[in-house]
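Subject: The structure I promised you

Hello,

Here is the structure I said I would pass on. Have a look at it first, and then read on for what turned up.

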Amino acid sequence: SNDQWELDCSELTLGQEIGSGQFGLVLEGQWKKRKVAVKTIREGYMSEDELREEAKVMMKLSHHKLVQFYGMCSQCSPLCLVFEFMENGCLSDYLRARKGSLSQDLLLSMCVDVSEGMAYLENSNYIHRDLAARNCLVSNNNQVKVSDFGMTRLVFDDQYTSSHCSKFPVKWAAPEVIKYSKFSSKSDIWSFGVLMWEVYSEGRLPYDNRTNAEVVESLNAGLRLLKPRLAPDAIYVLMEWCWKEKPEDRPCFTILLHELASIS
Ligand code: ADP
């Protein structure tokens, strides 16, 4: 039916708080004997109708490198979204906590995992719009999956959605996104290059101590993030490819996945 995305509240048990997201609290929970993560949506933060439309689309996206969306409970207050539970939390925290002990094999496999999930989104004609290590999650067997796809589009808070505002993730954004809000799979690719940089920097913040305005200025001057110490040359070549000024000069995820898989 059209309502597959609507979950029955009575089948959902809420547990302890595991995090606080941009939209509201994230709780541990149980749904049909499965451990799940429940994202509560602060009232007035998103359009409920748009969220319903997005839920329909998200239900159709299913891949082992995407954090699975199980559905939404719109009878609940606050409204909540139910996702696959990822034991090891978000990728950026994971990297920082294990700094100094991450093997080359693991760093590479993380990039491969994310590019697999993203190649699936690209082939589904779905743009993520906010790809970053903070929006990927890690499973109990250290697999990385892509999360939070498409969600930023629904936020009312223009502090986050306008590239000129303080909360906009400029450091992950392609030049055409910063200039004209032109999102595409090629702008996701740019963000993926920054995500690779985060992985090989073990969770450091890109352009640390630089303001958004300074970052925009140095990108305009043709400068890019430097090669992280742990990144092999072949990996840095791929990052630089993702950061080509013109979207059409960047690779697509299918090709990038192929390139990554051939490095080892
Ligand atoms: P937002 O992107 O809205 O700011 P997050 O999705 O990052 O919020 O959620 C906040 C925190 O909740 C994450 O850092 C992570 O620790 C936890 N979390 C979110 N989703 C899951 C999930 N599916 N499984 C386990 N933990 C999760």
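Before the details, one convention: two residues are in contact if their C-beta atoms, placed from the backbone, lie within 7 Å. Please also keep in mind that this is a predicted model.

With that convention, V199 touches L95, L107, M110, C111 and A133, leaving aside residues up to four places away in sequence. V199 belongs to the largest nonpolar core, which has 70 residues. Which residues have the most contacts inside that core? They are V82, L91, V114, L195, M196 and V199. As background, nonpolar side chains tend to be buried together in soluble globular proteins.

Now to the ligand. There are 18 residues around it, and G19, G21, Q22, V26 and A37 come nearest. Sorted by class, this shell has 10 nonpolar, 5 polar and 3 charged residues. Two strands, β1 (12–20) and β5 (80–84), each supply at least two residues of the shell.

β1 runs antiparallel to β2 (residues 25–31), and 6 bridges join the two. Within β2, L27 is the residue that stands opposite E17. The hairpin of β1 and β2 has 4 residues between the strands, and G24 there takes a positive phi near 155°.

β2 then pairs with β3, again in the antiparallel sense and over 6 bridges. Here L27 has V38 as its bridge partner in β3. So that the picture of L27 is complete in one place: E17 stands opposite L27 in β2, and V38 is the bridge partner of L27 in β3. The hairpin of β2 and β3 has 2 residues between the strands, and K32 in the turn has a positive phi of about 50°.

β3 continues the pattern with β5: these strands run antiparallel and are joined by 5 bridges. β3 is also mostly covered, with 5 of its 7 residues buried.

Is K39 buried or exposed in the model? K39 counts as buried because it has 22 C-beta neighbours inside 10 Å, and the cut-off for buried is 20 or more. Leaving out residues up to four places away in sequence, K39 touches G21, F23, G24, V26, C80, L81 and F83. Among these, L81 is the bridge partner of K39 in β5. Two others, G21 and V26, are among the residues that come nearest to the ligand.

- S77 and P78 are joined by a cis peptide bond, with omega about -5°. P78 sits in the loop between β4 (69–73) and β5.
- S181 is not a glycine, yet has a positive phi of about 55°. Its place is the loop between α5 (175–180) and α6 (185–200). S181 is partly exposed because 14 other C-beta atoms lie within 10 Å.
- Y207 also has a positive phi, near 45°, in a residue other than glycine. Y207 lies in the loop between α6 and α7 (212–220). With 18 C-beta neighbours inside 10 Å, Y207 counts as partly exposed.

Finally, two pairs of residues for the later part of the chain. N220 lies in helix α7 and counts as exposed, because there are 12 C-beta neighbours inside 10 Å and the cut-off for exposed is 12 or fewer.

E259 is in helix α9 (residues 253–261), and with 16 C-beta neighbours inside 10 Å it counts as partly exposed. E259 and L238 are 21 residues apart in sequence and 8.1 Å apart in space, C-alpha to C-alpha.

Best wishes

Technical notes. Residues numbered from 1 in each chain as written. Predicted model: local features only at pLDDT ≥ 70, side-chain atom pairs only at ≥ 80, totals over all residues. Near = placed C-beta within 6 Å. Nonpolar A, V, L, I, M, F, W, Y, C, P; charged D, E, K, R; others polar. Core = buried A, V, L, I, M, F, W, Y, C linked by C-beta atoms within 7 Å. Pairing = 2+ DSSP bridges.
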